[in-house]
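Subject: Structure for your review

Dear colleague,

Please find below the structure that I am handing over to you.

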Amino acid sequence: MAKKVKLDPINQQVDIQTNDNLLSGLLAKDLNVWKECGGRGMCSTCHVFITEGMEGLSPVNRREIRTMEVITTANKCSRLACQARVIGEGVVVEIPSGMYVSEIDNIEDLIGSRAKENILHPINGSILVEKDKLVTRSMITQLKDTQVEVSEYMAKIQDA
């Protein structure tokens, strides 16, 4: 049986089958969530805030707790959408604003432009470039280094 989950601030709803994870419904709506780690609860790309109805989700597991400890924007309302299974009604989800550096096809194209939204680190969720900031060559170097770091991390966890 499907449960209705409300998406804020876009004021939409998505039906998610009982015991399916939040991520499945968010991906179906083409929202700005990813599964960089393949839905294993080891990155921040599906980090969301539960503004209401936390009791309508499965309990937080150890993997999720460990990952949340490194996500810089996490708080008591945070969950990883890949780990949070919908078990009841009344869940309201807010998606953090920004885009992950792993979503950028050609980083060099950003030089000299202003970031249209915050550019986020996919492992810890930290802001690498703030919205409306001018993207400089030194920022590009940092973003490329981050992409390499993330690729190496993801390769390690895939082998684990």
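The account begins with an open sheet of 5 strands, in which the order is 2-1-5-3-4 and the pairing is mixed. Its edges are formed by strand 2 (12-17) and strand 4 (78-80), each of which pairs on one side only. From one strand to the next, the twist averages 40°. Please note that this is a predicted model.

**Strand 1 and its partners**

Strand 1 (residues 2-8) runs parallel to strand 5 (residues 91-94), and 4 bridges join the two. Within this pairing, Lys6 stands opposite Val92, and Leu7 stands opposite Val93. Strand 1 is also joined to strand 2, here by 6 bridges and in an antiparallel arrangement. On that side, Leu7 has Gln12 of strand 2 as its bridge partner. Strand 1 and strand 2 form a hairpin with 3 residues between them, and Asn11 in the turn has a positive phi of about 55°.

In a regular strand, side chains alternate between the two faces of the sheet. Strand 1 has a covered face made up of Lys3, Val5 and Leu7. Its uncovered face carries Ala2, Lys4, Lys6 and Asp8.

**Salt bridges**

Side chains of opposite charge can pair when their charged atoms come close. The count of salt bridges in the model comes to 4; three of them are described here.

In one of them, Lys4 pairs with Asp15, with the closest N and O atoms 3.0 Å apart. Because Lys4 lies in strand 1 and Asp15 in strand 2, this pair ties together parts that are 11 residues apart in sequence. Lys4 has a relative accessible area of 42% and is therefore partly exposed. Asp15 also counts as partly exposed, at 48% relative accessibility.

Another salt bridge joins Asp8 to Lys6, and here the closest N and O atoms are 3.7 Å apart. Asp8 counts as partly exposed at 23% relative accessibility, as does Lys6 at 31%.

A further salt bridge links Glu108 and Lys144, with a distance of 2.2 Å between the closest N and O atoms. Glu108 lies in the loop between strand 6 (99-100) and strand 7 (119-120), whereas Lys144 lies in helix 3 (residues 137-159), so the pair ties together parts that are 36 residues apart in sequence. Glu108 is partly exposed at 33% relative accessibility, and Lys144 is partly exposed with a relative accessible area of 35%.

**Nonpolar cores**

Which residues have the most contacts inside the largest nonpolar core? They are Val5, Leu22, Leu26, Val48 and Val93, in a core of 23 residues. Strand 1, strand 2, helix 1 (22-28), strand 3 (47-52) and strand 5 are the elements that give two or more residues to this core. Helix 1 gives the most, with 3 residues.

Val93 illustrates how these elements meet. Leaving aside neighbours within four places in sequence, Val93 is in contact with Val5, Lys6, Leu7, Asp8, Leu22, Leu26, Val48, Phe49 and Ile50. There is also a second, separate core, which has 10 residues and includes Val101, Ile107, Leu128 and Leu143.

Strand 6 and strand 7 run parallel and are joined by 2 bridges; Met99 has Ile119 of strand 7 as its bridge partner.

Apart from neighbours within four places in sequence, Thr146 is in contact with Val101, His121, Pro122 and Leu128.

With kind regards

Technical notes
Residues are numbered from 1 along each chain as its sequence is written. This is a predicted model: local features need pLDDT of at least 70, side-chain atom pairs count only at pLDDT 80 or more; totals for chains, interfaces and linings use all residues. Side-chain values use heavy atoms; hydrogens and water are left out. Two strands pair if DSSP finds at least two bridges between them. Axes are lines fitted to C-alpha atoms, for helices over the stretch in contact, and angles run from 0 to 180 degrees between N-to-C directions. A salt bridge is a side-chain nitrogen of Lys or Arg within 4 Å of a carboxyl oxygen of Asp or Glu. Buried means under 20% relative accessible area, exposed over 50%, partly exposed in between (1.4 Å probe, protein chains only). A nonpolar core is a set of buried Ala, Val, Leu, Ile, Met, Phe, Trp, Tyr and Cys residues joined through side-chain atoms within 4.5 Å. Contact means heavy atoms within 4.5 Å.
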